[in-house]
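Let's take a walk through a protein model together. Have the structure open as you read.

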There are 2 protein chains.
Amino acid sequence: MTPTRAVSPTTPTLPASTGPIPAGPRDQALRDRAARVIPGGMYGHMSAATLPPGFPQFLERGRGARIWDVDGREYLDFMCSFGPIVLGHAHPKVEAAVERQRVLADCQNGPSPRMVELAERLVALQPHADWAMFAKNGTDATTLAVTIARAATGRAKVLVAAGAYHGAAPWCTPRPAGTTPEDRAHLIPFAYNDLASVEAAADRAGKDMAAVLVSPFRHDARHDQELVDPAFARGLRALCDRRGAALILDDVRAGFRLDLGGSWAPLRVRPDLAAYSKAIANGYALAGIAGGDGLRDAATRVFATGSFWFAAVAMAAALATLDALEAEQGIQAMVHAGTLLRDGLARQAHGYAIRITQSGPVQMPFLTFAGDVAGGTFDRANVFTGEAARRGVYLHPWHNWFLSAAHTEEDVRLALEGTDAAFAAVRARFGGDL
Amino acid sequence: MTPTRAVSPTTPTLPASTGPIPAGPRDQALRDRAARVIPGGMYGHMSAATLPPGFPQFLERGRGARIWDVDGREYLDFMCSFGPIVLGHAHPKVEAAVERQRVLADCQNGPSPRMVELAERLVALQPHADWAMFAKNGTDATTLAVTIARAATGRAKVLVAAGAYHGAAPWCTPRPAGTTPEDRAHLIPFAYNDLASVEAAADRAGKDMAAVLVSPFRHDARHDQELVDPAFARGLRALCDRRGAALILDDVRAGFRLDLGGSWAPLRVRPDLAAYSKAIANGYALAGIAGGDGLRDAATRVFATGSFWFAAVAMAAALATLDALEAEQGIQAMVHAGTLLRDGLARQAHGYAIRITQSGPVQMPFLTFAGDVAGGTFDRANVFTGEAARRGVYLHPWHNWFLSAAHTEEDVRLALEGTDAAFAAVRARFGGDL
């Protein structure tokens with residue numbers, strides 16, 4: 001099997017699209033086997049059933065900004081494993097730290113010194129933080145944060161933005177199959193960036209308001225992203241102070257891509273609790289919460305544990321990830337590459353007279369087509385990302401993308417070759433609308 | 001710093017106890033730092049605050065049946081990281097599989113072929129299983145199993161044994177701080193091994209009975225363990241069939257230590273869903289559920305995902321772990337060493353005229369002192385395990401212990417040297433009661 005090198009610095013010409021390309025033979029064989037032993041053939045956000053033709057289901061390898069599927073096809077990766085890969089795949093310093101720790105121990109009868117070092121590091125990095133705890137899933141972190149807020153206040157109600165994603169437990173899944181009404185009995189919705197709606201929700205909660213749970217910007221899947229209005233963030237802080245409730249920042253998706261001090265540090269809005277996961281350890285399974293002294297006692301009283309929550313390797317990876325993000329000015333690198341990508345996509349869309357919206361921070365970009373939004377479909381997005389994928393550019397039709405510090409100017413230039421052809425395909429299929 | 005080699009094949013003599021030994025200097029320094037940046041200094045089942053003096057808080061290294069704390073003290077490990085270490089620490093074949101996978105990729109935009117291979121392996125191993133799904137925490141697996149049962153039946157009530165541990169989410173934590181009554185609104189308790197109590201609980205649930213959730217034997221912390229009555233297991237199966245509810249086996253703690261086909265395979269009682277974690281990957285963070293075709297559709301409909309749930313390294317570790325357990329007859333090895341340990345402890349206790357109870361499978365032993373049970377304390381257990389720990393034998397005063405396939409006859413012989421001295425200390429402090 002000859003690897004298809006769709007994108008590489010030495011072979012910058014991208015293959016032409018020739019209509020629907022079937023899944024690679026190894027990918028198809030694995031899909032057939034998976035259909036027998038995995039419900040639906042695959043599940044969750046990594047099911048290729050939610051993607052257009054052109055995307056692989058199974059992946060084999062990753063290095064820097066590049067990934068390879070099981071048929072040897074190479075892609076420039078703009079999903080970064082849906083967020084965890086913030087320095088690039090297999091970052092040498094992270095992998096070296098992992099290897100040093102792995103030969104000692106990972107999961108033991110007690111934590112390793114890495115846990116203390118990482119808690120100290122987070123407390124030093126984050127203005128709001130006096131302590132930290134660790135777990136495995138982002139959902140562990142948001143659930144634990146809500147539990148701590150309830151324990152601290154003795155109240156139950158939690159205000160959440162309508163449509164926001166805070167995890168995959170019954171209290172917060174976006175799909176209610178198998179959940180009960182009681183799982184969400186104490187959630188009260190508000191509209192993101194609408195302080196009046198939060199005040200109304202707080203009035204509904206009354207004296208039972210435990211917390212506001214909010215993401216640092218609006219990154220609901222299938223929607224244009226929306227940056228936070230600083231006045232909204234400050235208003236949440238003031239409202240929580242006034243009502244004696246905890247402000248919980250769900251920084252699981254955005255954390256360590258916008259600001260190492262927490263995604264609202266630039267606004268100088270300090271949450272009482274922040275939840276982290278995804279990018280904290282460059283792909284190693286870890287979640288964390290960082291809180292202020294006002295919630296330390298409650299954090300001590302709640303029941304929080306897991307078989308692998310204290311394991312050392314992911315913590316060693318997190319220490320190395322934070323070091324490398326600082327040393328390599330990783331966030332600036334993502335902003336630089338992300339800006340080039342956004343500018344290039346805007347030029348291309350304009351050139352093809354296609355109306356698009358690009359939203360969110362450039363490190364976590366998203367692109368929608370006006371024609372799709374008007375029709376309530378992702379038809380153009382599916383053609384666009386499917387055509388890009390078969391040209392070796394891995395984007396996503398309905399979920400925000402992620403850049404890593406490994407993306408170079410040349411990577412973006414090559415990616416834009418692929419997106420140019422993808423825009424051309426959208427234009428050919430749907431026409432222009434500018 | 002000279003390592004204290006409390007137990008080693010070449011120096012079989014154990015150091016004499018000389019009264020309370022302070023924490024080692026590195027351990028104490030880390031405890032002091034942790035007290036500032038981690039709530040309570042540590043949390044969960046790995047907090048040394050729940051252990052008597054003599055135990056370290058922080059661990060450094062593990063090999064086979066041996067672990068070393070941060071001050072270089074060596075222990076024979078009979079906790080196995082509270083279960084995950086089933087082949088011994090740093091098992092060469094597992095570590096080699098991990099390293100092969102790590103240099104390819106771990107967390108990507110899609111699963112690796114390892115996921116299909118592991119699902120196929122579990123389905124082949126487990127008579128009840130037609131499909132499998134994977135997650136990170138044992139709690140993920142039990143929560144997902146309950147969610148699937150509810151989705152399948154359209155019902156809400158779940159019958160659970162009073163006092164049983166099924167995880168660390170608000171619906172099941174043993175400590176209610178920060179949870180709400182609604183989190184447990186649909187749980188109905190029964191008494192383990194008491195079929196009449198299950199029938200009564202099922203009558204309470206009526207037409208809203210979704211599932212029975214049960215561990216393969218009673219292993220509630222702080223209590224003597226209780227093996228399952230085969231008639232009880234068969235009765236649960238019949239009751240679930242009669243009432244159209246799902247039988248969920250919570251095999252998170254015991255799975256792969258009793259039988260590779262699932263802990264009730266020897267009884268020929270097939271659950272509809274089984275939840276696994278802990279030992280499935282010899283310490284790597286992984287959880288799984290395996291289910292029958294009757295629940296496949298429901299498993300497809302529920303929302304189940306996590307950033308690290310599809311990561312390849314832990315799945316490669318699981319495949320190697322299952323292979324090694326088979327190839328090395330790991331379960332038989334644990335039974336052999338566990339039987340030697342149980343027999344030796346019984347002889348020693350009798351020799352000191354101390355009344356004890358040893359309970360549970362020999363691979364997951366537990367020991368209580370009659371004098372403690374009568375007084376509702378763990379005074380003797382604390383002296384016993386604290387004295388054992390300072391002699392290099394890592395047991396636990398109130399949680400069941402775990403053997404691994406790495407425990408040799410010589411390891412048990414050396415451990416019994418330590419426990420002999422520990423029994424002597426109990427006798428000196430509390431007297432005999434036989």
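We begin with how the two chains are arranged and then look at where they meet.

This is a predicted model, in which local features need pLDDT of at least 70, side-chain atom pairs count only at pLDDT 80 or more, and totals for chains, interfaces and linings use all residues. Residues are numbered from 1 along each chain as its sequence is written, chains are lettered from A and ligands numbered from 1 in the order in which they are written, and side-chain values use heavy atoms, leaving out hydrogens and water.

Now for the meeting place. Here 99 residues of chain B are in contact with 100 residues of chain A, where contact means heavy atoms within 4.5 Å. Together the chains bury about 8500 Å², 58% of it on carbon and sulfur atoms; buried area is the accessible area (1.4 Å probe) that two parts lose on being put together, summed over both. In chain B, Tyr43(B), Asn109(B) and Phe303(B) lose the most area to chain A.

What holds charges across this interface? The rule finds six salt bridges, each a side-chain nitrogen of Lys or Arg within 4 Å of a carboxyl oxygen of Asp or Glu. Glu95(A) forms a salt bridge with Arg102(B), their closest N and O atoms being 2.4 Å apart.
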